[in-house]
Every structure is written in C-alpha cells, then in structure tokens.
Amino acid sequence: MSHAVTDAPDEGSAASQAKSKKAKLSEGKKAERRLGWLLCAPAAIVMLAVTGYPIVYSIWLSLQRYDLRFPGEQEFVGFDNYIAVLTNSYWWTAFGTTMLITVVTVAIEFVLGMALALVMHRTLVGRGLVRTVALIPYGIVTVAAAFSWYYAWTPETGYLANLLAEGGAPLTEYGPSLLIIALAEVWKTTPFMALLLMAGLALVPDDLMRAASMDGANAWQRFTKVMLPVMKPAILVAVLFRTLDAFRIFDNIFVLTGGSNDTSSVSMQTYNNLIKGLNLGIGSAMAVLIFLTVALIAFVFVKGFGTAAPGSDDGGKR
Amino acid sequence: MAEIVLDKVTKRYPDGAQAVSEMNIEIADGEFIILVGPSGCGKSTALNMIAGLEDISGGELRIDGQRANEKSPKDRDIAMVFQSYALYPHMSVRENMAFPLRLAKVDDATVNEKVEEAAQILDLNQHLDRRPANLSGGQRQRVAMGRAIVRSPKAFLMDEPLSNLDAKLRGQMRTSVSKLQKQLAVTTVYVTHDQTEAMTLGDRVVVLRGGHVQQIGSPQFLYEQPANLFVAGFIGSPSMNFVPGTLEDGVLKSVLGTTVLTDRVRRLVEAAGGPREVIAGIRPEHFEDVSLVDEKHREAGATFRSTVDVLESMGAEKYAYFSLDEQLTGSEELAELAADAGSADVPGSGSTIVTRLDAASAAAEGRELEVWFDPERLQLFDPKSGKNLTFDG
C-alpha cells in the first residue's frame with residue numbers, strides 16, 4: 001500500500017519527463033536527419049554527376065537535330081527524332097531480335113541456373129572447387145569469349161563448324177546466328193544466375209523442407225510448392241537483373257555477326273547511329289528509348305509480379 | 001493411430017559418431033511419450049528417425065507392426081510439429097493447414113471442413129486468412145499444431161514445440177497440448193529438454209543421455225525411483241541434492257550428519273551390494289524446518305544444523321540454501337547435469353543444499369537453522385556406475 005502512495009507523484013513526474021523528452025527527441029532527430037543528409041551527400045552528388053547528368057544530356061540531345069557531319073545544322077526539333085526512329089523498320093527488327101534473345105536466353109539461364117544452384121547448394125564434397133569451376137565462364141571477358149565462339153563456328157577452321165554439314169556457315173544465316181548468339185549468352189551468364197539463385201536457396205529454412213516432406217510432399221512438390229515460392233524475391237531479382245542485362249546485349253553480337261542478317265540488337269543500332277554515323281540526335285533518341293524500355297521492364301517486374309524491390313523483403317507478408 | 005516400436009534402433013554418422021545407441025522403446029497406441037534429456041543426448045535424432053527425416057543405421061523401426069526403416073516420410077503417415085513451427089510464409093493460415101490435405105488430393109469440400117474443424121479446436125477461426133508473419137508466437141504454434149492434426153495421422157511427433165514461447169504462454173500451451181492429445185487420442189512422441197514438460201505431459205517419459213536410454217517410466221515413477229544418478233538429478237525441480245557419504249553398518253556419515261538408515265533402505269543397499277563410499281541424494285521437498293515437524297515424526301527423522309546462505313520466499317513455500325564445505329567430485333553424470341543446468345559456469349554453486357520449507361518457517365538468511373529430513377526418503381548411489389542402490393522397481 002505504502003508503495004502505491006509514494007509511487008503516485010513519481011508517476012506524474014515521469015509523465016512530464018516523457019513529454020519534455022519528446023520535444024528533446026524531435027530536436028535530436030532533426031540533427032540526426034541533417035547528419036544523415038550530410039553523410040549521404042557526397043555519394044548522392046557523385047551519383048548525380050555520373051548518371052543523372054548523362055541521362056539529362058542525352059534526353060536534351062535526342063530533342064535536337066544534331067549530326068556531327070553537319071554541325072552547323074543543329075536545331076531543336078522536338079520529338080522528330082523519336083518519330084523517325086519509331087517509324088523505321090530497322091529499329092523494330094532490332095527490337096524484335098533483342099526481345100527474342102532476351103526472352104529465350106533468360107528462360108534457359110533460369111532453368112540451367114536453378115539446376116546449377118541446386119547442385120552447388122547440395123554439394124558436400126569439394127564445394128569450393130565446384131563453385132569455382134561453375135563460375136569460370138562468368139570470369140572470362142565477354143569479348144574474348146565471343147571471339148572463341150566466333151572462331152569455333154568459322155567454317156573450315158572452327159572445331160564446331162566442322163561438325164556441321166560440309167559448306168555450312170552458321171554465322172551467315174539469321175536463325176543459326178541467333179542460336180549461336182543465345183548459346184554464347186547462356187554459356188556466359190548462367191553462372192551469374194546460379195550465384196544469385198544460390199543466395200536465394202540459402203534463405204529457405206531446412207525445417208520448411210522437412211515439414212513439407214512430413215506433410216506428404218515429394219521432391220518435385222517440395223521444390224515447386226515450397227522452395228520456389230519462398231525464394232521468389234531472390235528469383236525475381238535474378239531474373240530482373242538478367243533481363244535488363246540481356247536487353248542491352250551488345251558485345252556478343254558485335255563480335256559474332258556484327259549485326260548482319262538482321263541480328264543487330266537495339267544497342268547495336270544505337271552504336272551504329274551514334275558512334276559510326278555520328279548522328280547524335282537519332283542515336284540519343286534510341287538510347288533514351290532503350291532506357292525507357294528497361295525502366296518499363298523493371299516496373300513491370302516489381303509491380304506486376306508482386307515482389308518487393310531488392311532489400312525491402314517484408315518476410316513473406318504482403 | 002498406431003503403435004510405434006523402436007527395436008535396437010541405432011544412428012551412426014559417417015564420421016563414426018554414435019548419436020543413438022540401440023534404443024528400445026515400445027510406444028502403445030494412443031500413448032503420449034516424452035523423450036527428454038540434455039542437448040546432444042540423441043532425442044531429436046531419435047525423433048527424426050521415427051519421422052523418416054534421418055536414415056536408421058541399425059535396428060528396426062516398426063509402425064503398426066510394419067517395418068518402416070525404408071519408408072519415406074510421406075509414406076509413414078506421421079505429422080510433425082517443429083520447434084521453429086516451419087510454417088510456409090507464402091501461404092495463409094488456412095492454406096498452411098490445408099497443405100497436407102491438398103497434397104493428399106482431398107476434395108475441396110472436405111479440405112474446408114477439416115480445416116475449419118481444426119481451427120475450431122485450436123481457436124484459430126479469426127486468423128484463417130492471415131499470413132504466418134502477422135501472427136504472434138502462440139498463434140503460429142497453434143497453426144503448426146493445426147497443420148499436424150488436420151489429416152488425422154497415425155502419430156504426432158513434436159520437436160520441442162513450446163521452447164520458442166515465453167514462460168507464461170508455454171505454461172498455457174502445455175495444458176492445451178495435453179488436452180488436445182487426450183481429446184484426439186493419437187500416439188504422440190514429444191521431444192523436450194525441459195523436465196517440467198516431461199513431468200506434466202507424458203504418460204511415460206524416456207530419459208536419454210549420450211544416445212542411451214537411461215530409464216523409461218511414468219513421471220511419478222521416475223521421480224520416486226530414478227534408476228541412476230543422472231535420472232535422479234535430471235527429473236525434479238529444483239533438482240535432487242547430492243552429498244558424498246560413507247556407509248558403515250547401516251549408518252550413513254555425511255555432511256548431513258550421522259544418519260541411521262531405515263530398514264527398507266538398508267535392505268535394498270545390501271541387496272545391491274553397495275560399496276562403502278556412496279553418494280546420498282535427497283530432494284529439496286523432503287526437508288523441513290525442525291520446529292514445524294511434530295514430535296512423533298521428529299523422532300523418526302534425522303536433523304542437521306547449518307547457516308542459511310540464501311532464503312527465497314515464494315509465498316507458498318520458502319527455499320533455503322545451505323553451503324557445503326565438501327565438494328562432490330568424480331561423477332561424470334553429475335558434471336554433465338551441472339553443465340546442462342548451466343551451474344558449472346556459476347562460481348561457488350557446486351555444492352549447495354537446497355531445501356524447500358513450509359512458508360511458516362522462521363528461517364532467515366545468515367542465521368542457523370535446524371533442518372529435519374526423513375531417512376526413508378534417502379536415495380543412495382554408487383559414485384562409480386551412478387547406479388541407484390536403493391532402486392525398488
């Protein structure tokens with residue numbers, strides 16, 4: 001009883017203390033926020049300088065008639081460059097080719113990458129060796145790897161070309177060229193996919209798989225009904241990264257076909273106009289279109305598939 | 001529903017370590033059996049072998065009379081509740097509970113009916129459409145139970161299902177698990193390291209140590225007739241007091257004074273061919289403040305005097321702690337028990353006597369107290385083998 005009586009005034013003062021603390025806290029919070037901004041500032045400024053500025057500059061360029069061969073004729077033309085690009089069949093052919101390569105390679109990479117990730121995840125003996133070996137293709141410079149594929153498919157001298165019928169020159173035809181480009185892409189980037197997926201696999205608790213087998217799931221059901229849904233965020237990140245990368249494919253095509261026989265990608269078309277053709281206006285318009293497509297893909301992935309952005313995983317609730 | 005028989009079941013790992021050695025347990029249909037022991041005693045391994053999550057290296061597991069060693073978990077028709085609950089985070093509570101039924105290709109109407117029924121039993125009706133991430137610990141635990149009971153399996157396996165809950169909730173859930181098991185009357189194997197759960201839940205308790213079964217019996221029997229030092233120390237809270245002593249002509253000499261053994265105890269020790277050096281064990285509740293013992297009993301009992309080190313008043317009773325000069329050494333089992341209780345890390349806690357006294361006791365810290373105990377309650381152990389010399393099973 002005596003406790004209760006002496007406690008009462010204490011509680012009152014504690015309450016008032018809490019109130020004054022609140023005011024103080026907001027003061028402290030302000031300082032904290034200021035410090036936060038200050039700490040972020042250098043990074044933010046560098047980011048703006050190296051990404052923001054070029055983006056804005058290329059958007060500005062894309063609204064100009066600006067051909068370096070005729071520098072005197074520079075003028076503001078509004079969306080004329082975009083109309084020129086979007087009504088051109090070369091652009092749409094390149095766009096279709098790029099899309100085809102993107103969808104096919106990412107799909108194959110996902111399946112192979114998942115298999116590889118499962119192997120690496122389960123490997124008990126020589127885990128380090130298995131992982132290193134699996135990652136070798138990813139460690140090779142793309143251009144170097146592309147040249148090795150190029151020479152392999154060169155008639156007469158290439159070891160793969162010799163497997164084909166006499167006189168076959170696969171890199172001179174549309175279909176075979178695309179197949180080889182896709183093959184080179186898949187070979188090169190599957191390890192990356194596997195690595196990202198393996199990180200996702202590590203997030204699936206063992207107990208969950210054990211619970212599923214107790215609940216009567218066979219290996220395939222455990223994989224599709226428990227493992228895949230639980231690692232969905234990791235899968236989406238992996239597939240998104242690869243899709244964005246694949247859509248900007250350049251080096252493999254540049255080396256393997258040089259864009260002949262309609263195998264050129266949107267990035268190659270941009271390069272041809274911007275660097276080879278010195279047409280800064282058209283080239284920039286293409287670059288901006290690629291940027292918009294990539295942004296759209298990212299948006300569709302994040303919104304449409306209902307995954308959280310990387311790093312903002314909310315533990316399965318939505 | 002089924003009976004489960006472990007016939008010399010053994011688990012040997014590739015590196016030669018033996019997690020479970022020739023375990024023999026016969027679990028009757030509908031029985032609630034507890035596997036208890038300190039960490040690393042093989043209780044979870046044993047459970048996983050029954051579940052089929054770990055291979056059996058030797059011996060035979062029979063479920064309903066059929067050999068089950070080679071059956072995969074899904075063919076054993078056993079449900080399991082995990083310590084982590086292992087709820088599927090991407091499914092709602094309803095889907096979580098329906099999952100085993102969906103896998104068994106049960107039609108929608110039946111699935112719904114069974115899930116609703118289980119939710120009713122576990123009081124989860126309002127939460128069926130929520131995700132596990134939005135539930136409290138106790139609710140998650142109930143969902144895990146629900147997932148186990150929906151498909152009416154032959155048996156339940158529970159791997160420390162309550163250890164992730166806070167103390168109060170654990171107490172409540174303990175009661176409801178017990179009720180649920182009685183209501184469903186399904187064979188249940190329950191693994192825990194908590195001797196309170198073991199004592200309160202099980203029809204029978206299996207005490208394990210280092211992969212070996214120490215003793216199997218009803219909780220009361222294990223409490224009254226522990227087969228060895230390990231079981232004696234493990235069962236009961238606070239645990240049994242152990243003091244070294246010397247036995248001569250039916251008289252025990254120890255820090256508790258010179259105690260004349262009762263006829264029954266004496267006969268048992270002689271029959272067991274006990275050595276001269278023994279470890280005497282007596283439970284805290286078998287002590288009493290001498291002033292509260294009536295004349296008649298006082299005559300039959302023994303007393304000792306010592307200074308009360310620490311006194312804990314629990315309201316309904318008082319715990320008085322006494323320090324002892326003499327150290328107990330040489331018993332591997334006692335060392336393991338101390339390690340498990342964590343007392344090995346606490347300095348100076350090695351040799352105290354804990355007594356539970358009536359709340360009316362006038363005991364006070366730092367004052368001398370005369371404490372009475374009944375020699376009939378003494379248990380004597382062989383310090384080398386740990387065997388209970390007064391075992392009367």
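The structure is a predicted model, in which local features need pLDDT of at least 70, side-chain atom pairs count only at pLDDT 80 or more, and totals for chains, interfaces and linings use all residues. Residues are numbered from 1 along each chain as its sequence is written, and chains are lettered from A in the order in which they are written.

**Confidence**
- The model has an ipTM of 0.83 and a pTM of 0.79.

**Domains of chain B**
- An automatic or database assignment gives domain 1 (4-229) and domain 2 (241-343 + 351-381) in chain B.
- The centres of these two domains, taken over C-alpha atoms, are 37 Å apart.

**Contact with chain A**
- Contact, meaning C-beta atoms placed from the backbone within 7 Å, joins 20 residues of chain B to 18 residues of chain A.
- On the chain B side, α2 (73-76), β6 (78-81) and α3 (93-103) each supply at least two residues; helices (H or I, at least four residues) and strands (E, at least two) are DSSP runs, numbered from the N terminus.

**Nonpolar core**
- The largest nonpolar core has 157 residues, and B:Met80 and B:Leu157 have the most contacts inside it.
- Such a core is a set of buried Ala, Val, Leu, Ile, Met, Phe, Trp, Tyr and Cys residues joined through C-beta atoms within 7 Å, where buried means that 20 or more other C-beta atoms lie within 10 Å of a residue's own.
- Beyond its neighbours within four places in sequence, B:Met80 is in contact with residues including A:Ala211, A:Met214 and B:Leu157.

Note on methods: Two residues are in contact if their C-beta atoms, placed from the backbone, lie within 7 Å. A residue is buried if 20 or more other C-beta atoms lie within 10 Å of its own, exposed if 12 or fewer, and partly exposed in between; C-beta atoms are placed from the backbone.
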